[in-house]
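Welcome! Take a moment to turn the model around on your screen, and then let us walk through a few parts of it together.

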Amino acid sequence: MTQKIRCAGFGGQGIVLMGRLIAYSAMVEDKHTTFFPQYGAAMRGGTANCSVIVADCDIAAPTVEEPDVVLIMNGPSLDKFEDTVKPGGWIFYNTSLIDREVKRDDVNVFKVAANEIADEVGSSRSANMVMLGAFVAKLRTIELDTLLTRSLDAQMHGKSERVMELNRKALKRGASLAE
Amino acid sequence: MEKVFAMPEAMKDAKTLYCPGCGHGVAHRIVAELVDEFGLREKAIGIAPVGCSVFADLYWNFDVISAAHGRAAAVATGMSRAKPDCFVISYQGDGDLAAIGTAETVHAANRGENFVTVFINNAIYGMTGGQMAPTTLVGQPSTTCQLGRDPSIAGYPIRVCELLQTLGGVAYLARGSVDSPKNVMATKKYLRKAFQLVLDKKGYSLVEIVSPCPTNWGMNPPEAMKWLKDKMLDHYELGVFKDITAES
Amino acid sequence: MSEKIPIGEKVLMKGNEAMGEAAVQAGCMAYYGYPITPQNELTAYMSRRMLEEGRIFIQTESEIGAINMCYGTAAVGERCMTSSSSPGMSLKQEGISYIASASLPVFFVNVNRGGPGLGNIAPAQSDYFQSTRGGGHGDYRVIVFGPTNVQELYDFTMLGFDVADKYRMPTMILADGILGQMMEPLVLHEYKPLPDLPSKADWRLGDPATKDPLLVTSLVLDVPGMEQRNLDLFHKYEEITKNETRYEEVDTDDADIVLVAYGTCARIARSAMEQAREEGMKVGLFRPITLWPFPSDPLSKLADRVEHMLVVELSLGQMWEDVRLATGLKTKVHLHGRTAGGIPGQADIVEHLQKALDSKSDEIVRNF
C-alpha cells in the first residue's frame, strides 16, 4: 500500500500541521512516510500546500505528482488540485468555504463543512482538525487513536490544554462524519 | 655590562624585506615587544594579511596564519571565539581593512569580537605597486589616480577610527604614528592598552598606525616622513577615539 | 531542550534540522551562517542548539564572513561548520580554496537551489560542477557526499566531520531543496567517530604545547614549493579515491539499461525503475553516493556489460559528463536533465528509458 496525500488551503489554515500530523502518526504506526511542504517566499492570498506519502514499504520518490487523496480547505486549492487526483482517488473538500461541486466523475468525493463544525465545537480555527478527522475515519490511512493519543501532543507541544481539547473534539467530530 | 637593547623574544632574528623608510618594521617590533611584555608568545596568533606584511611570519616568533584579502577580522573571530585562551592579533593594511574587508571589519567590531587589530594606514597599496587606497589623501597621486585622488571620481579618504567610533561592540580605538620617537612611544602606549583590554575580554580593540611608504609615495625616507607629518596627520588626527574603561 | 533529543530513537525530522543535530552530536564546536532559502531551518536550528550546548553560533555579515570564520576555527583545531544555498556557496568559494590549500578540516552543506544568478528557491542539482571540481580558484578538490534521504543527511553529516578531520580537507554535503525541506523518520544514531582519527596537536595554532611557531598559509611564492604542495594534495586525493568512494547498485545484474542518479533524483529514478520493470523493461539503478570521489571504476565495470545508461539529474548534463568520462565509449549514455526547479516525472523517465532502448546505434537520447 502506498497512499499519496496532498493537503491544500490558504496560509493560516494549518495546512502544514495537517501534513505533519499524518506523517508523524504514520511513523508511530511503523509505516514509511515522507512529508514535503510547499516552501518559498511569502505568498499571501495564494494556496499553501504540502504532500505526505504513507506506505508499508520503502518510499522511493518523495514527490507527489498524482495524489490518491486531496484534503482541500479552500476554493483556489480545489481549482488548482482537482485535476491532479488519480482516477479512483478521493477529494475531501471544505464546503464551508467552497460553494461549487467537484466537476470530475471518476473520483470519490467527501464533503466536510469544516469551518461550521469547528465553530460548533468552539473555534473555526480547528477546521483543519475536522477535515483530518473525516479523512482518517473514512480511509483509515492512519488511526484516529494515534492522532488523539500520540501525534497531537508531539506536534503541538506547548499549546494550552484548552486548544488541545478543542483539537481533540474537532478531530472526533470530523471522524463522526465518516462513521 | 648591562644589556640595554635586545631583540624581543617574540621577534625572529631576520632582516626584513621591507623598503628603506617603511613603517612596518617599527610596527612589527612594537607588537613583538608587547607580546613579550604580556608574556603571550605561546598563545599569540598573528594574522598576516594580503599586502606587504603577508610575510609577517618571517619576523614574528609566534604562530601566524595568513588570511584572504580583507577577511582577517572573520578569521580572527573564528580563532578567538573557538579558543578564548589564544591572543589574536589581526595586522591589516588600509586596502585590506577599509576597502575589501570593510564588512568583516565593521561587523567584527560591532559584535565586540575579542582580538587586537593593528591597522597600518599608509594611504597606498604597497605590495601591488602603489595603487589608490581608501585612505589615499585628496590630491595624492597613485598608479590608479595618476593626477591625484579626485573625490568626484574616487570619494574621500576614510577615517577608520571615526567610522568605527559609534559601534557598540568597540572597546578601544586610537590612532598613533611612527613619524617620531615620541609618537612611536605614544603608539606603543595605545597598543599596550588595546592588549590589556583584550586580555580583560573587553572586546574589539583597534590601533591605527599612520605609517610611511616612501617607495610608493615616490619619495626618499626623510621626504616621506615630512609628508606624513604635514599632510597625513593633518587629515588623520592622532589620539584615543574610544576607551570604554576611561573615566568620563 | 538537549535532554529531549532522543538519541537512538526514531523521530520525524526535517532534512535541514537532521544535519544540524548530527553536527551537534558529532562535536561541532562552532556554526557560522548567513540566511538563505532553502536551508534556513538549519541556521535557525543551530542558533538554538549550539547555544544550549554552550558552543558557538554566529549569524555572520555574509557567507564570506562565515567561511573565513571556519578557516580560523579550523586552524585552532576545533570542528566547525557552515551551510548555505547556491548563490551563497558562490561567495564561499574563495574561503574554501584557502581552506583546501592550507589543509584544514571544514565541513559544510549546500542545499542546492535553481540558478544561475539569483535563480529561484526550488530544488536543483546544478551546483554539481561547482562542488565536484573544487569550486574556487586553483587546483583542488572537495569531498562531496550526495545523500538521498533524511537518514543519510544525518549519517553523512557525522561522517563528513570525520572524513574532513581524517584527510584535513574541506568536505561537504550537496543536497537539494527537497531533501532540505522534507520530513522523514530517521534514527538519531549515537555518534561514533571513525577509528584512528589523527591528532591535531602538531598543526593547530595557539597551542602552548607546540614548541616552534607554526604557520598556516596558502601563499607559496616559489614555484617548485607551490607545485609540490599541490602534488601532495593530489596524492592525498588518490588515497581518498581509493578509500572513500561510495555508491549503490540496485538490480543491475540483468539490466539492459541502468539509470544513473543521485540525491532526490535517485529516488524518483527508483520509482521509475520499478514501474519500468512492471512494464517489462530490464532496468537497474546506479547511485553515486560520493560525487567526489566519483565512482568511475564501478561505473566503468558496469559499462562492460550494459549497453545503455540513462543519467537523470536536476541539471543539464553536469553529472552526465562524469558518467561519459567514466565509461568512455563502452556504452551509450543518455540524458534526462531538468533544471531550475523542474522535477522529472516518473512517467517521463519511463518513457525516456523506452526511447533509449529503441535508439539507433549511434544515437544518444536527450530530453531537451
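In which sense do strand 1 of chain C and strand 8 of chain C pair, and over how many bridges? Strand 1 of chain C pairs with strand 8 (residues 183-187) of chain C in the antiparallel sense, over 5 bridges. Two strands count as paired if DSSP finds at least two bridges between them, and both helices (H or I, at least four residues) and strands (E, at least two) are DSSP runs, numbered from the N terminus.

This is a predicted model, in which local features need pLDDT of at least 70 and side-chain atom pairs count only at pLDDT 80 or more, while totals for chains, interfaces and linings use all residues. Residues are numbered from 1 along each chain as its sequence is written, and chains are lettered from A and ligands numbered from 1 in the order in which they are written.

**Strand 1 of chain C**
- Of the 5 residues of strand 1 (residues 10-14) of chain C, 4 are buried, so this strand is largely enclosed by the rest of the structure.
- Leu12(C) has Pro185(C), in strand 8 of chain C, as its bridge partner.

**Helix 2 of chain C**
- Helix 2 (residues 40-52) of chain C bends by about 25° at Met46(C), the bend being the angle between axes fitted to the seven residues ending there and the seven starting there.
- Its buried residues include Leu42(C), Tyr45(C) and Met46(C).
- Strand 1 and helix 1 (15-25) of chain C are among the elements that cover the buried residues of helix 2 of chain C.
- Just after helix 2 of chain C, Gly54(C) takes a positive phi of about 70°.

**Where chains B and C meet**
- The contact takes 29 residues from chain C and 27 from chain B, with two residues in contact if their C-beta atoms, placed from the backbone, lie within 7 Å.
- Helix 3 of chain C gives the largest share of the side of chain C that touches chain B, 9 residues.
- Strand 2 (residues 63-66) of chain B and strand 9 of chain C run parallel, joined by 2 bridges.
- Val64(B) has Leu215(C) as its bridge partner in strand 9 of chain C.

**Helix 3 of chain A**
- The buried residues of helix 3 (residues 114-121) of chain A are Ala114(A), Asn115(A), Ile117(A), Ala118(A) and Val121(A).
- Just after helix 3 of chain A, Gly122(A) takes a positive phi of about 155°.

Methods. Buried ≥ 20, exposed ≤ 12 C-beta atoms within 10 Å, placed from the backbone.
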